Amino acid sequence: MAINYTAVQLLKLNTHSTPSCISTIKQLGLLRRPRYIHRSCGRKFKLLQSSQAIPSLWSTLRAVARPTRHQNATALRTSSVGVSMTTAVTEQTGKRGVDFSVLRPLRPPQRHISPSTIKVELFNVQSLTNKSCLIQDHISDRGLDLMCLTETWHRPEAFSVLNEACPSGYSYLQKARSTGRGGGLTVIYRSDLKLSLLPLPHLSSCECVAFKCNSSSPVTFLLIYRPPKLNSSFIPEMSNLLSIFCPTSANIIILGDMNIHVNTSSCRFAAQFLQLLDCFNLSQLIDVPTHVRGHTLDLVITGSSVVTNLSVYDLGVSDHKVVSMEIPQSVSFTQSKREISFRNLKNINQECMIKDLQHLLQANPSSANDAVDLYNRTLSSVLDYHAPVKSRVVTFSRSAPWFSENLRRMKTAGRVLERRYKASGLTVHRIAYREHQKSYSSVVIPLIPHLTGKTNAALTPPAHSATKAAYISQEISQEIKASEEIFSSFQGFHT
């Protein structure tokens, strides 16, 4: 026969009353095994007489603390009284928690530092002789690391033109045409880059300069200029050239003015050239006109090398446009810096400064020396208060002494015309920009008619402009100098 109890009856029976004999049994040591309580539970049951249910209440203390995996061995050692660190923290705060002072710090994730890029430009300058100062100004303004020039038309012994085209902190590689006129290749690069010339086979159909940029991932460059006259040996020589460099160079970039109409599908010579590139797994990246007549003549050819930010724009002083690109490279450039001191005189409050200077009128110095000393001290202290001296570290750049205010205004106007032409794309804006650039280039012409003995009007700089030629001529004609002083002056102009 089953006995049935109601909930009320069970609650009356379960009073949790401790028998009186339990204390005696504990004293005698007969109750050796305590009641088992699971440490993860940590619950105590209490009876509330006013309720018909048996609630479960969480305790505020935990008998056994589980160590966290981030705690070290020292933090987990118990004290002499047998109280763990976690229990001590709980007793002090009255709340359960983690002692964050014993947590082991985690290493932050390493940030991925993206490699820097090399800014490279390709330009058919069509005579560097009358554009050397313009090229130097262009390299400095755009912060180029490498500029490849074709058709420089410089002579093998004409190093002064190349020196004028190099800004401070730059060097150059050059190859002049040995016979005849035209041609010529020049690579102007930042001196921090480690470039090394590479040997070349004999080439009769084109001019070429091969060099390697030694960095974490070396890149081989081939700068090529092919004359417009058709030469049947160009394709075989180009095939031989690629068979030498492509197998030995993981990253290869071919730049230059090929004078091949790759944008014309009906051109048989262009089809043969593109088929040759395809055989060596090379790609031609330029798909826009690089000549003012709408032809794509200046090419950028790569294999596995990554070229980003590829763009074409008109500089206005040649029939060819400038091809600009960036090449990811893990290289670091160190630029010389200097510390300058200055005062912010524009933000001086003139009314407050006048009030601070009024007590100079009330002073009665005994002598002229005392008056001068008082005047100097007062002015210095007032100026230091209203416009204190500030210091700033800036990148060192040597300014050209011959760069006059007139040239600066012309340069600013040229930038305005360039932005207007790029925004509108109109022919009238393009013509205005190109005419202005040619005028600016002629103003900074670096020839010195007084020294060369040439009196041609085309070589004479404009009378209203203080050009480099006029500045150097004026420096030499100011007074009679020794030959050593003249030589040092010219050395400073061309470095």
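Helices and strands here are DSSP runs, helices being H or I with at least four residues and strands E with at least two, numbered from the N terminus. With that settled, Lys119 sits in strand S3, residues 117–124.

Before going on, a word on the source. This is a predicted model, in which local features need pLDDT of at least 70, side-chain atom pairs count only at pLDDT 80 or more, and totals for chains, interfaces and linings use all residues. Residues are numbered from 1 along each chain as its sequence is written, and side-chain values use heavy atoms, with hydrogens and water left out.

Which residues touch Lys119, if we skip neighbours within four places in sequence? The list is Arg142, Gly143, Leu144, Asp145, Leu146, Met325 and Glu326. Contact means heavy atoms within 4.5 Å. Look at Glu326 in particular. Glu326 is 207 residues from Lys119 along the chain, yet their C-alpha atoms are separated by 4.7 Å.

Now zoom out. The chain holds 15 helices and 16 strands. It has 495 residues, and 32% of them count as buried. Take the contacts between residues at least 6 apart in sequence: 64% of these join residues at least 24 apart.

Next, helix H4, residues 132–142. Its buried residues are Ser132, Cys133, Leu134, Ile135, Asp137, His138 and Ile139. After H4 comes Gly143, with a positive phi near 60 degrees. Gly143 was also on the contact list of Lys119.

Which residues other than glycine have a positive phi? One of them is Trp153, at about 60 degrees. Trp153 lies in the loop between strand S4 (146–150) and helix H5 (159–165). Trp153 is partly exposed, with a relative accessible area of 40%. Another is Asn259, with phi near 55 degrees. Asn259 belongs to the loop between strand S10 (252–257) and H7. Asn259 counts as buried, at 17% relative accessibility.

That brings us to helix packing. Axes are lines fitted to C-alpha atoms, for helices over the stretch in contact, and angles run from 0 to 180 degrees between N-to-C directions. Under 35 degrees counts as roughly parallel, over 145 as roughly antiparallel, 65 to 115 as roughly perpendicular, and the rest as oblique.

Helix H6 (residues 234–245) packs on helix H7 (residues 268–279) at about 15 degrees, with the axes 11 Å apart. That makes H6 roughly parallel to H7. Who makes the contact? From H6 we have Phe234, Ile235, Met238, Ser239 and Leu242; from H7, Phe269, Gln272, Phe273, Leu276 and Leu277. Sort them by class and you get eight nonpolar, two polar and no charged residues. Nonpolar covers Ala, Val, Leu, Ile, Met, Phe, Trp, Tyr, Cys and Pro; charged covers Asp, Glu, Lys and Arg; the others, Gly among them, are polar.

Compare helix H8 (residues 350–357) and helix H10 (residues 368–386). Their axes come within 10 Å and cross at roughly 150 degrees. H8 and H10 are therefore roughly antiparallel. Cys352, Met353, Asp356 and Leu357 of H8 meet Thr378, Leu379, Val382, Tyr385 and His386 of H10. By class, that is six nonpolar, two polar and one charged.

Last topic: aromatic rings. Rings of Phe, Tyr and Trp (its six-membered ring) pair if their centres lie within 6.5 Å; planes under 30 degrees apart are stacked, over 60 edge-to-face, and the rest tilted. How many aromatic pairs does this rule give? Four.

Phe211 and Phe221 are stacked, because their ring centres are 5.1 Å apart and their planes are at 10 degrees. Phe211 is in strand S8 (residues 207–213) and Phe221 in strand S9 (residues 219–225), so the pair ties together parts 10 residues apart in sequence. Phe211 is buried at 0% relative accessibility, and Phe221 is buried at 4%.

Tyr421 and Tyr433 are stacked too, 6.3 Å centre to centre with 15 degrees between the planes. Tyr421 lies in helix H11 (residues 405–424) and Tyr433 in helix H12 (residues 427–443), so this pair links parts 12 residues apart in sequence. Both tyrosines are buried.

Finally, Phe234, Phe269 and Phe273 form one aromatic cluster. We met these three in the contact of H6 with H7.

How values were computed:
Buried < 20%, exposed > 50% of the residue type's maximum accessible area, 1.4 Å probe, protein only.
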